[in-house]
Number of protein chains: 2
Amino acid sequence: MFDNIDRTDIEQLGEFGLIEYLTKAVELTQPSTIKGIGDDAAVLDFSGQKMLVSTDLLLEGIHFDLRYVPLKHLGYKAVQVNLSDIYAMNGKASQITFSIGLSSKFPLEAVEEIYEGALIACKKYGVDLIGGDTSASAQGLVISVTSIGYAEEAKIAYRSAAQEGDLLCVSGDLGGAYVGLQLLEREKQIFLENPNIQPDLEGKDYIVERQLKPDARKDIVELFEAYDIKPNAMIDVSDGLASEILHICKASGVGCKLYEEKIPIDPMTYETAREFGLDPTVCALNGGEDYELLFTIPQDQYDKVKNQLDITIIGYITEQNAGCEMISKSGNVHPIKAQGWNAFSKEK
Amino acid sequence: MFDNIDRTDIEQLGEFGLIEYLTKAVELTQPSTIKGIGDDAAVLDFSGQKMLVSTDLLLEGIHFDLRYVPLKHLGYKAVQVNLSDIYAMNGKASQITFSIGLSSKFPLEAVEEIYEGALIACKKYGVDLIGGDTSASAQGLVISVTSIGYAEEAKIAYRSAAQEGDLLCVSGDLGGAYVGLQLLEREKQIFLENPNIQPDLEGKDYIVERQLKPDARKDIVELFEAYDIKPNAMIDVSDGLASEILHICKASGVGCKLYEEKIPIDPMTYETAREFGLDPTVCALNGGEDYELLFTIPQDQYDKVKNQLDITIIGYITEQNAGCEMISKSGNVHPIKAQGWNAFSKEK
C-alpha cells in the first residue's frame, strides 16, 4: 500500500530524530498546557499544583525478551521506567494507567504475574493504578504505561534549565543494567544450546537486578526536599549517561566537562564488564537503563550534596562554545558522543 | 515457559471479566484519586476542577486492518475513540499523549500520515498533544493513546448514577459503524480475489465514514451545558447499545425498558444491513464503534431534551428486579443480552 509514496528510512533518523520530525507540527492551544513534548513528562496546570504526565510503550522483542525476563519483573519494571520520568521532573508520582495487549499464547496466570509485578511497584511507590486497557494482540506482548504526578511549579526541574557553572551530579552508579543484560544474554545463548545447563548468575545478583528490577529514584527526590536542594536541570538515565548529558546541554544551550574518574561504577559492574572485554566507562556512558537521576545544581548548593553518599559530582556546566567534553583518567579530552539506545537500530 | 503453571483460558473470561479479575487487587491510596478503574475515565482531584484520564490501546490485526483503513483515518480514529471516554464523563477533553510502535515495513511517510490524522483530530477538538512514545515494533503497528480532561465535580456523569424513573437517551444514530465495516470487509474480499476491481462504495459515504472516521460527541457535552441538562449516568457506545445499557444498569443497580422502535437507525444503515441479510436492530444493539453517548436524565428534564434533533429517548430506567428488557416492534419482551465486541474472541 506504500508503493505510490516516497520512502524514507526511519532507521536513518533514529528515535529522537523521528520524534522531533513528527512533532514539529504540534500546536499547543490549551491554557492548562505548560509544557508538552520535549521533556521527561508533560506539565499541566490544573490550579494549585502542577500535574505531570508521562507515557511509555514496551514491546516484546524490542524492549524485553521473555526468554529471560520473568513476567512479574516485567510488570514491575514497566511501572518503574515510567515513574522514573516523573521523578526526573523533581515531581511526586501519584497515579498510573497500565495497558496490556497479549496474544493467546499467554494463559491468565501469566497476565496475572505481569499485573502482580506492576502492583508491587505501585505499592512500593505509593502510586494508584487508575486505569488502562486490556486487549488481544495478534502477535507479541505489548505494555503501555502512563504515569501522572504533581509538583510545585518552582520545584519542577526541566532539562532546559542548566546554568553555566552548575555542578553536574548523578545518583547511584551507572553501567550495571547494561552489564547485567550482557550476562543474561550470555546465559540465554548457553541455555538455547543446551537447555540442561542452569544459568550461572551466582554472585551477580546486583547487576542482574539492575537489569531486571531497576528502581526509580523516588528517594532522591525526597532527599532534595529534606535537604532543600533544588536541581536546576534534571533527566533520568534511560539511554546512557552520554546521551542524557547531551540532552541537558542541547536543551539548556550550554556545554560541560565530565570527569571519567568521577563516574560512579559499582565494583561488580566494573569486574563483570572486564570479564566480557568491555570498557566499564563505555558501559556507563552508552549502556542505558540505569534509571538514575542526572542533574545540575548551582555551586552554592555544593555543601548540601558533598556528603550525600548516593550522589556523585561528576563534572560541571560550561558555556556552549566550550563543547561537551570528557576528561579521561589519563587526562585526554574527548568530545562526548551519544550512542544511546536506539530502538530502531535493534530491528532485524 | 508456562508449562509448570495451571492454564486458564483468557477467552472464557472475555475482556470485561479479565479486567475485573485482574484489577480486584488494586488498592487506591492517593487522596487525589476520586475514581480509579471502572468507568470511562479516571477522576483525579488536583484542587478546583477534577481531572479526567483515559487510555486505549489499538493493535493491528485486532482493532484495525491496514488493508482498508487509510493511515490518516487510523490516527484520527485513535484520538476520537479515546476522547469519547472523556466526553462520556460529561467532561471537557484538554490533552492527549499519543504513542506508536511500528515495524520496519513502514516508511516515515506512513508514520507521518498517522500523526497527521491524530493532529487533525486534536485540532478539531481543541486538544493538545502533550507527549507519547515512539518505538520500533517487532511485529504489527501499535497505537496507545491517553487522554486527559476536566470537569466540575457536580457535572461528572458516572455510569453508576442512573436512577429509577430516569429517561434512557442516546445521541445520533446507531449500527452505522458496524454495517460500514461489513461493507469494507466485502470490498476487501473482492479486492483480494481480483485486485483490478475498484471498491464499490458509491453512495455509502455515511456508513463508511461512521466506521473509518467516527466523531466523538463533544457537541453533545456542549449541548448539555447550553441547555443546562445534567445526565445522571453516561457511557459511550463503543461495544454496542446492549452492552452499554447493561454496563449502566449493573453499575447503577437498576433495570430498564428499551423500545426497539425508538432506536435511532439511519436509513442508509438500515438499507445496507438488509442488503447483507442483517437485522438493523441487531447491528445497533451489538455492532459497536458508534461512539455515540448513551445517558439517563431525570424525568423533569424531559422538556429540555424532547426537541433536540440529535437526542432520542429510547426507554427508561426501572428498579433492578424488573430486569433489563427490550420491547420489540411487535410488542414482545426480550431480555437484553450483551454480545458486545470481544477483542479476545477475535483471535485466530
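Over the face of which residue does Lys213(B) lie? Lys213(B) lies over the face of Tyr76(B), at 4.8 Å from the ring centre.

The legends below concern a predicted model, in which local features need pLDDT of at least 70 and side-chain atom pairs count only at pLDDT 80 or more, while totals for chains, interfaces and linings use all residues. Residues are numbered from 1 along each chain as its sequence is written, chains are lettered from A and ligands numbered from 1 in the order in which they are written, and side-chain values use heavy atoms, with hydrogens and water left out.

**Figure 1. Charges over the rings of Tyr76(A) and Tyr76(B).** A charge sits over a ring if NZ of Lys or CZ of Arg is within 6 Å of the ring centre and within 35 degrees of the ring normal. In chain A, the charged end of Lys213(A) is placed over the ring of Tyr76(A), 4.8 Å from its centre. In chain B, Lys213(B) is found over the face of Tyr76(B), with 4.8 Å to the ring centre.

**Figure 2. The annotated positions Asp40(A), Ser54(A) and Asp85(A).** The UniProt record, an unreviewed entry, places the feature "binding site" at these three residues; UniProt positions are given in the numbering used here, feature names are shortened, and annotations may be inferred rather than shown by experiment. Ser54(A) belongs to strand β3 (residues 50-59) of chain A, and Asp85(A) to helix α2 (residues 71-87) of chain A. Helices (H or I, at least four residues) and strands (E, at least two) are DSSP runs, numbered from the N terminus. The side chains of Ser54(A) and Asp85(A) are joined by a polar contact of 3.1 Å. A polar contact is a pair of N or O atoms within 3.5 Å; within protein, one must be able to donate a hydrogen and the other to accept it, and residues adjacent in sequence count only if both atoms are side-chain atoms. Ser54(A) counts as buried because its relative accessibility is 4%, and Asp85(A) is buried because its relative accessible area is 10%. Buried means under 20% relative accessible area, exposed over 50%, and partly exposed in between (1.4 Å probe, protein chains only).

Figure 3. With a relative accessible area of 1%, Ser84(A) is buried. Residues up to four places away in sequence aside, Ser84(A) touches Ala216(A), Asp236(A), Tyr291(A) and Leu293(A), where contact means heavy atoms within 4.5 Å.

**Figure 4. A network of salt bridges in chain A.** A salt bridge is a side-chain nitrogen of Lys or Arg within 4 Å of a carboxyl oxygen of Asp or Glu. The whole structure holds 37 salt bridges over all chains. Arg210(A), Arg217(A), Asp219(A), Asp290(A), Glu292(A) and Asp310(A) are linked in one such network. Arg210(A) and Asp290(A) form a salt bridge whose closest N and O atoms are 3.9 Å apart. Arg210(A) lies in helix α5 (residues 205-212) and Asp290(A) in the loop between α9 (280-286) and β11 (293-297) of chain A, so this pair ties together parts that are 80 residues apart in sequence. Both Arg210(A) and Asp290(A) are buried. Asp219(A) meets Arg217(A) in a salt bridge of 2.9 Å, N to O. Asp219(A) is partly exposed at 38% relative accessible area, whereas Arg217(A) is buried at 10%.

**Figure 5. The salt bridge between Lys257(B) and Glu325(B).** The closest N and O atoms of this pair are 3.0 Å apart. Lys257(B) lies in strand β10 (residues 254-259) and Glu325(B) in strand β13 (residues 324-327) of chain B, so the pair ties together parts that are 68 residues apart in sequence. Lys257(B) is buried, with a relative accessible area of 14%, while Glu325(B), at 23% relative accessibility, counts as partly exposed.

**Figure 6. Aromatic pairs in chain B, including Tyr87(B) with Tyr125(B).** Rings of Phe, Tyr and Trp (its six-membered ring) pair if their centres lie within 6.5 Å; planes under 30 degrees apart count as stacked, over 60 as edge-to-face and the rest as tilted. The count comes to eight aromatic pairs over all chains. Tyr87(B) and Tyr125(B) form a tilted pair, 6.1 Å centre to centre, with 35 degrees between the planes. Tyr87(B) lies in helix α2 (residues 71-87) and Tyr125(B) in helix α3 (residues 108-125) of chain B, so the pair ties together parts that are 38 residues apart in sequence. Tyr87(B) is buried at 1% relative accessibility, and Tyr125(B) is buried at 5%. The rings of Phe224(B) and Phe295(B) have centres 4.9 Å apart and planes at 80 degrees, so this pair is edge-to-face.
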